[in-house]
Amino acid sequence: MKSYLTLLLAACAASAFSQQINVPKNKEFEIKRSIKDIGTYKTDEEYVYALKSLGKNAEGNSVFECKIVKVLIKDANAPGGILINTDSIRKTNFNNSVVLLPLAIINQPFTVTLSTKGKVLNISDRSELLKQRMEGWKIDPELQSHVYANAGGAFEASIQQLFLEFPDQKLAATSEWKPQNSDVPFKVISSRGGSMIIKSTKTEENGTMSDRKYVVNAQTGMVENSITISKGTYNGVVGAPANTVYNQTLMQKLVPRMVRKEVDTAWIDMAAKM
């Protein structure tokens, strides 16, 4: 019969979790993210990122090679309802400049450096690649500026969203925290099978709300799956008509690496110049 002390130690171990990113070197996987908006503008997007752990650098931070291997952007207002599907590249709708960035970086490797707490510290420079693509495709300078802007802060934010940023303190079964420079609260609500369940809910005075749930691998610190529901209006957002409503559901899942067919880059180079 197990002693009370043995049971107590086991209970403590079960209620304390690794809060660090710790993915074995050479481990490969994919992260699939889908974003669906049923608000004013009906959109449905899917992005698949292929990652390979390169281990840790001299500072102890995790380094990953990353590629975007699939992009699907549906738009109810677009002819045919699809702007781009990199699995069927020849149906790309070139009437919308939003397709240029995915076409330029699809399957192109870049590195992501993460702190032990899951904060993105660095993403390798993509400007030279984008410049070569834009100039080679003879894209109008004004459109180029939009592509460069989208490849900056918005792109970096999308990469950070693949990971959950942990607090400095060790997580326990009821831990609560707010990431640095954020007033969004996070709380560990339970644990099961080596994973911790984390929730985050916030409602603003103007009615804007977000409700997030994450399942995080307690050993690697990686988000195994998550769902985020966000509702509100874009009032005051530059470029958005007043009272534009968004009602978004974002789902993310970590899956095994797939063998994928190469994208026809020669066709992309030809079509983008037309």
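Biologist: Which residues lie nearest the centre of the second largest pocket?
Modeller: This is a predicted model, with residues numbered from 1 along each chain as its sequence is written. A pocket, on a 1 Å grid over the protein atoms alone, is an open set of points where a 1.4 Å probe fits, with protein on both sides within 12 Å along at least five of seven lines, and its lining residues have an atom within 4 Å of a point. Of the 17 residues that line the second largest pocket, those nearest its centre are Asn107, Arg260, Lys261, Glu262 and Val263.

Biologist: How many charged residues does the lining of the second largest pocket have?
Modeller: The volume, which is the space filled by probe spheres set on grid points joined across faces, edges and corners, comes to about 370 Å³ for this pocket. With Asp, Glu, Lys and Arg counted as charged, Ala, Val, Leu, Ile, Met, Phe, Trp, Tyr, Cys and Pro as nonpolar, and the others, Gly among them, as polar, its lining has 5 nonpolar and 3 polar residues, while the charged residues number 9.

Biologist: Why is the pair of Phe110 and Phe155 classed as it is?
Modeller: Rings of Phe, Tyr and Trp (its six-membered ring) pair if their centres lie within 6.5 Å, with planes under 30 degrees apart counted as stacked, over 60 as edge-to-face and the rest as tilted, and this rule gives 6 aromatic pairs. Because the centres of Phe110 and Phe155 are 5.6 Å apart and their planes stand at 65 degrees, the pair is edge-to-face.

Biologist: How are the rings of Trp177 and Phe186 arranged, stacked or edge-to-face?
Modeller: Buried means under 20% relative accessible area, exposed over 50% and partly exposed in between, with a 1.4 Å probe and protein chains only; Trp177 is buried at 6%, and Phe186 is likewise buried at 6%. Since their ring centres are 5.7 Å apart and their planes at 20 degrees, the pair is stacked.

How values were computed
Predicted model: local features only at pLDDT ≥ 70, side-chain atom pairs only at ≥ 80, totals over all residues. Heavy atoms only, no water.
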